[in-house]
Amino acid sequence: MQWNETIKLFRGGMPLRRHWAHFRCYEFSFTGSEAVDYLHELLRHNHNFGPEVTRYQTLQLLRKFMKAHVIEDIKGRHGTEDFEDSGQLYRFPTLSPLKSFPARSLFRESSDLPRLIRWDDYEELPQQENTAPMKSAVMSSQFWNKRHSVAIGDVHECKIIRRKEITPKQVDHIWKSMTIAHLQKVLGLETLEGVLDPTHLNAKHIVHNVFSVNKMGIVILENKAEDLPYWVVSAMKCLASWPNGSDNKQPVYPGFERDVLKTVADYFQRLKEPLLTFHLYEVFVNILSLLQEQDVATEALRVSCLLLPPPNRRRLQLLLRLMARVCQNPHLPPLSDTIATRTLMVQTFSHCVLGSVDEMDLDELLATKLVTFMMEHHSNILQVPSKLRCQVEEHLSHLRRVQIKYAGSDTDFSASPAFYRQISRSEEQKVIGTQTPLQELLEGLISDKELPAKDKRKRLKQFQKSYPEVYHSRFPTPESKAAVIPEKTPRLKPHLMFLNLKKPFQPFQRSWSFRA
C-alpha cells in the first residue's frame, strides 16, 4: 500500500511546467533533477520513511518508477530507459500506474484463523450421534430450576471429571492460534487476509522460539549445521568488542576492521531470502505504519518475530546486536570515508533483513526505516511477549483442570458444557472430603418431617450462617428454596380495641379535686 500512497503523493504534488528541448515546447513536464529534489523532500517528511532517506535512494526509487511506467520520458519511452538525475525531461503517463490489490472484506468468519482448542475437546462423556443442536432458551426461574436440578433436591452428589492429557501437538496448535489472534489484535486489523497466510506458519517454530533460548534470550538451535559458521561468529565478535575482540594471532593492519565488516556483510547478503522471510513481508510492512506509536510497534514486532524459523530468528538477534554495538563503540575507527557508521550499517544490512520476492516495491526505503527502528530497540523487540505467554499458559492451565459435573435429571442438559462448574486441583479434596457430608447433613435436615416447621427454619438459618457456600449451592435462588421449604405464613395482628368502639371518645371529666 505504501507504493500506491507514494505514487499518489508524487503525482499530486510534483510541479509541472513548460519546458523547451530541441526547439520544441513540452507542456506539463519536469526535469530529472526537479523530480529527485521534490521526491527526496517528500520522503524525508513522510512518517513512513523519515529524514534518513538519501538522495541516492530517491534516485533508485525513481528508476523503479520508470520501469513500472509511473513516469516516462517526453518521447513516451519507459521500462528499458534509465532515469537520470539531470536536465532530461519526463512526464506522467495518462494511464493509471497504481497497483491493484484484492479487496478485503471488513468482517470475516473466525474460520480464517486456526480454531482454538477448547475445554469441550477433552470431554470424557460419550458422544451422542444424530443429536439436534440445542436451541437457546429464556432463563426463567422455572427453566433454571429444571436445568440445575441439584438445587431442588433431585440429585445429591457430584462427579469429578478429569481431563485427558494435552498432547504436544495440541500445545503447538494452541500457541499458533493464540499468537496469530494476538498479532491481529495488535495490528488493529479486522482480518489477516492478504497480510498473513497461517498455512505457511510452523507451530513448532513458535514454541521453539519461546522456550529454547539462553540467558540472554537468544535462540538455541538443535541442529548446529543451521547455525552461523564459526568464521562469521568470530568476525562478528571482533567488530562488536573492538579493539578487545580481535585475536592476537590475527594480523591487524590499517583497514582491518573494514575487511572484517565486509566478511560479515558478504555472508548475510548471500542468503537465499531475507531474515524476515518472503512470507512475512506484508506483516512487517504493515508494522511500518505503527512506528510512531513505539509501544504498539514494539509489541507487534515481538509477536511477528516469533513466527520466524529459529535459524532466522537467531541470525536476526545476533545481527541487530552487532549493529547496535558497532554504532555505539567510540573506539572503533570509521568504517567508511564518506558516510557515518550508523548509516553504513543500516544501508549494508537492511536488504538482508527485509525484502519482497518481486523487488518492485519500496524495498530499500521500507527496509531502511524498519531496520533502523529494530536496531534502536532490539533488546525489547527480540524478547518473548510476556502478555501473550501469560495468556497461553492460563489457557493451558484451564484445559488441564478437573471439572465437577452435577448430573441433572434432564439428559438434554447433562451433556452441555455450560452445565459444569470448574474447580482447581486444590479444591478437589475439599469438595470430596468436606462439602459432601455437609450436603448430606443439609439434605437430612430438609427431609426431616418430624421436625416442626418453626424449628426447621431456625436450624436452616443457623446452617446458612455457618456454611454459606454449601447453603447457597443448595438454594441459589429464592425460588429454589420456596420449592422445598414453604415460607412462613405471616400472622395478622388483632385489631385494636378502640377501632371496635361504637361510641366516640368522651371528653375528659375531672371527678375530684386535689385542692385541700
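These entries cover a sheet, a helix pair and one glycine.

**Ground rules.** I am working from a predicted model, where local features need pLDDT of at least 70, side-chain atom pairs count only at pLDDT 80 or more, and totals for chains, interfaces and linings use all residues. Residues are numbered from 1 along each chain as its sequence is written, and side-chain values use heavy atoms, with hydrogens and water left out.

**Entry 1: the sheet.** I looked up the strand order first. I found an open sheet of 4 strands, ordered β1-β2-β4-β3, with antiparallel pairing. β1 (17-21) and β3 (72-73) are the edge strands with a single partner each, so one side of each has no neighbour in the sheet. For the terms, helices (H or I, at least four residues) and strands (E, at least two) are DSSP runs, numbered from the N terminus. Two strands pair if DSSP finds at least two bridges between them.

I then went through the pairs. β1 and β2 (residues 24-31) are antiparallel, with 4 bridges. R17 has S29 in β2 as its bridge partner, and W20 stands opposite C25 in β2. The β1-β2 hairpin has 2 residues between the strands, and H22 there takes a positive phi near 55°. β2 and β4 also run antiparallel, joined by 2 bridges. T31 has L89 in β4 as its bridge partner.

**Entry 2: two helices.** How do the axes of α7 and α11 cross? I found that α7 (residues 230-240) and α11 (residues 310-328) have axes that come within 9 Å and cross at roughly 25°. The axes are lines fitted to C-alpha atoms, for helices over the stretch in contact, and angles run from 0 to 180 degrees between N-to-C directions. α7 is therefore roughly parallel to α11 (angles under 35 degrees count as such).

I listed the contacts next (heavy atoms within 4.5 Å). M236, L239 and A240 in α7 meet L318, L319, L322, R325 and V326 in α11. These residues divide into 7 nonpolar, no polar and 1 charged. Ala, Val, Leu, Ile, Met, Phe, Trp, Tyr, Cys and Pro count as nonpolar, Asp, Glu, Lys and Arg as charged, and the others, Gly among them, as polar.

**Entry 3: G355.** Is G355 buried or exposed? G355 counts as buried, because its relative accessibility is 1%. Buried means under 20% relative accessible area, exposed over 50%, partly exposed in between (1.4 Å probe, protein chains only). G355 sits in the loop between α12 (341-353) and α13 (363-376). Leaving aside neighbours within four places in sequence, G355 is in contact with P274, F278, Y281 and D363. I also noted 7.1 Å between the C-alpha atoms of G355 and A367, which are 12 residues apart along the chain.

Key
Angles under 35 degrees count as roughly parallel, over 145 as roughly antiparallel, 65 to 115 as roughly perpendicular and the rest as oblique.
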